[in-house]
Amino acid sequence: MFSDRLMPIHSPEFRAMAERVRRVTELTSRLNVLPFDDEAGQAELFEQILGKPLPPGVTIYPPFYTDHGLRLDLAERVFINQNCTFLDYAGIRIARRVMIGPKVTFITSGHPVDPEERRLYLTGAPIDVAENVWIGAGATVLPGVSIGRDAVVAAGAVVAEDVPAASLVTGGKATVHRRW
């Protein structure tokens with residue numbers, strides 16, 4: 001796992017990650033075509049994807065997407081609605097009683113901004129979501145973000161900075177910061 005650093009794309013670590021991504025993509029494609037009431041089939045595939053059984057009271061409505069799976073840590077009583085994506089290679093921790101709306105995306109990896117480095121490295125930082133958080137439909141949570149207990153992330157928000165506990169964050173407007 002990498003966090004807050006660069007991983008060379010032409011490295012054994014990257015090749016191992018790419019192989020895991022291929023395997024998990026195959027598993028999630030199987031998961032996402034199961035009948036909705038095939039709870040045993042879903043549980044078996046989630047165990048393979050996550051490397052452990054789902055905790056008690058976790059509800060996940062397919063389709064469900066993850067690129068790695070082994071670094072997605074779900075606590076008890078988490079609810080994940082349809083069509084969510086977890087790019088978890090740098091690690092995602094979801095605490096108890098978190099509710100995640102449809103089409104929410106968590107991204108822990110990316111690329112450097114510098115054009116020369118962009119095709120040479122991956123960057124990454126973990127995401128941490130504290131207890132009793134609600135993340136609205138279509139929100140995107142970016143690498144390195146922590147969301148505090150009881151916070152609400154509004155639908156469509158792009159979360160690029162830490163969210164304080166017991167707060168509401170909104171907004172998804174892109175802003176040009178610099179040009180090259």
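I began with helix H1 (residues 12–31) and helix H2 (residues 39–50), which pack at an angle of about 170 degrees with their axes 10 Å apart. That angle makes H1 roughly antiparallel to H2, a label for angles over 145 degrees, where under 35 would be roughly parallel, 65 to 115 roughly perpendicular and the rest oblique. The axes are lines fitted to C-alpha atoms, for helices over the stretch in contact, and the angles run from 0 to 180 degrees between N-to-C directions. Helices (H or I, at least four residues) and strands (E, at least two) are DSSP runs, numbered from the N terminus.

I noted what I was looking at: this is a predicted model, in which local features need pLDDT of at least 70 and side-chain atom pairs count only at pLDDT 80 or more, while totals for chains, interfaces and linings use all residues. Residues are numbered from 1 along each chain as its sequence is written, and side-chain values use heavy atoms, with hydrogens and water left out.

**The helix pair**

I looked up the handedness and found that H1 passes H2 in a left-handed crossing (the near helix is turned anticlockwise from the far one by less than a right angle; clockwise would be right-handed). On the H1 side, the contact (heavy atoms within 4.5 Å) is made by Arg20, Arg23, Val24, Leu27, Thr28, Arg30 and Leu31. H2 brings Gln42, Leu45, Phe46, Gln48 and Ile49. I sorted the residues of this contact into six nonpolar, three polar and three charged. For that sorting, Ala, Val, Leu, Ile, Met, Phe, Trp, Tyr, Cys and Pro count as nonpolar, Asp, Glu, Lys and Arg as charged, and the others, Gly among them, as polar.

**The parallel strands**

Next I traced an open sheet of four strands in the order E4-E7-E12-E15, with parallel pairing. Two strands pair if DSSP finds at least two bridges between them. Strand E4 (72–74) and strand E15 (146–147) stand at the edges with a single partner strand each, so one side of each has no neighbour in the sheet. Inside this order, three bridges join strand E7 (residues 92–94) to strand E12 (residues 127–129), and Ile92 stands opposite Ile127 in E12.

I then followed Thr85 in both directions. Strand E3 (residues 64–66) is joined to strand E6 (residues 84–87) by three bridges, in parallel, and Tyr65 stands opposite Thr85. E6 also pairs in the parallel sense with strand E9 (residues 105–107), over three bridges, where the partner of Thr85 is Thr105.

**The antiparallel sheet**

A three-strand open sheet has the order E1-E11-E10 and antiparallel pairing. Its edge strands are E1 (5–8) and E10 (109–110), each pairing on one side only. E10 and E11 share two bridges, and Ser109 stands opposite Gly124 in E11. H1 packs on this sheet, touching E1 and E11, and its direction makes about 80 degrees with that of E1.

Pro126 lies in the loop between strand E11 (121–124) and E12. Its C-alpha atom is 5.0 Å from that of Ala90, 36 residues away along the chain.

Lys52 sits in the loop between H2 and strand E2 (59–60) and is partly exposed, with a relative accessible area of 34%. Leaving out residues up to four places away in sequence, Lys52 touches Phe46, Glu47, Leu72 and Asp73.

Notes
Buried < 20%, exposed > 50% of the residue type's maximum accessible area, 1.4 Å probe, protein only.
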